[in-house]
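Have the viewer open as you read.

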Amino acid sequence: YPFRNKKDKAEVYFLRLSPSEEKAFADVSSEILLIQWLNEKGFPAMRPIAMKTGEFAKEIRTKWGTYNVSCFAKVSGDSLEDTEGNIDIVRGYGRILGQFHRLMKEYPYSKRHQSHKDLLKEIGTRLQMYGAPETVCAAYKVVCNELELLTISSANYGVIHYDFEPDNVFYDAKGDTFSVIDFDDAIRCWYALDIVRALDALVDVVDDCDMEHAERVFLEGYQEETDLTAEQIDSFSLMRRLVCLQEYMTIRHVLSEAIREMPDWMKGLIQKLQYKAGCLEKTME
């Protein structure tokens, strides 16, 4: 919910209310701690705004349910999907992700975040809960087994954004600067997962460019800030399969909720989600 600062009408804030059953308060607190640490290090993440009590997050109970409340200042510029993307922006996109991962390699509070094992556990629970097809269950087992074989070190594993896509990265053309928002999905995982999600979303940044060239430039920008090993590149396919499983089971979870009165716009949305789930399922056959 956007609102303006009474003292400075030009400054816009966003009030965020998230249902506690979707996100634990401890996870919200970890997110804000991460952002504050990044701000202290000079990384251009969205800035948390304190309440009058000095708190940056609070759990409140209402007649509609329990919510986690927090507030953030609007970042400058436009999301990358709304810019007239060019190859320089692609390089900067890769560079800002590399800068984030470089900082995460020294982040002292990473264990406050859930890990990829928690993500796999959630996927497995939903597989049983919603009776996923055998092909999906088999794909889940293969991914779990292959992840067990990957090395885990401070160089390739730490807190990742998890949703480092164009709608969460902003570019300010006037200052030629980037900003990053929405760290609420941050978990401990392989940095390669962040990279592949950004690579796969490049089509939303530059749609009139050779994608192979765009991917190469993105990775060049990334490596200007931190290392990228051959082992990490080899894991890209596995990370894509993990994301596919997570997206598929999240859609199944969302569609499981019974809705009494369904507006027309929601009917269209449900059809899109059903189609998306079907496409994801086919990739696992």
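Which residues line the largest cavity? Leu150, Thr151, Asn156, Trp190, Glu231, Gln232 and Ser235 do.

## Ground rules

This is a predicted model, where local features need pLDDT of at least 70 and side-chain atom pairs count only at pLDDT 80 or more, while totals for chains, interfaces and linings use all residues. Residues are numbered from 1 along each chain as its sequence is written, and side-chain values use heavy atoms, with hydrogens and water left out.

## The cavity

Searching the whole structure turns up one cavity of 30 Å³ or more. The largest cavity holds about 50 Å³ of space. Here a cavity is a set of points on a 1 Å grid over the protein atoms alone where a 1.4 Å probe fits but cannot get out, and lining residues have an atom within 4 Å of a point. Points are joined across faces, edges and corners, and the volume is the space filled by probe spheres set on them.

Its lining splits into two nonpolar, four polar and one charged residue (Ala, Val, Leu, Ile, Met, Phe, Trp, Tyr, Cys and Pro count as nonpolar; Asp, Glu, Lys and Arg as charged; the others, Gly among them, as polar).

Now for β7, residues 169-172 (strands are DSSP E runs of at least two residues, numbered from the N terminus). Val169 and Tyr171 point one way, Phe170 and Asp172 the other, and all are buried, meaning under 20% relative accessible area with a 1.4 Å probe, protein chains only.

β7 pairs antiparallel with β5 (residues 78-79) over two bridges and with β8 (residues 177-180) over four; pairing takes at least two DSSP bridges. Phe170 stands opposite Ser79, and its bridge partner in β8 is Ser179. The β7–β8 hairpin has four residues between the strands, and Asp176 there takes a positive phi near 55°.

Key:
On a 1 Å grid over the protein atoms alone, a cavity is a set of points where a 1.4 Å probe fits but cannot get out, and a pocket is an open set with protein on both sides within 12 Å along at least five of seven lines; lining residues have an atom within 4 Å of a point. Buried means under 20% relative accessible area, exposed over 50%, partly exposed in between (1.4 Å probe, protein chains only).
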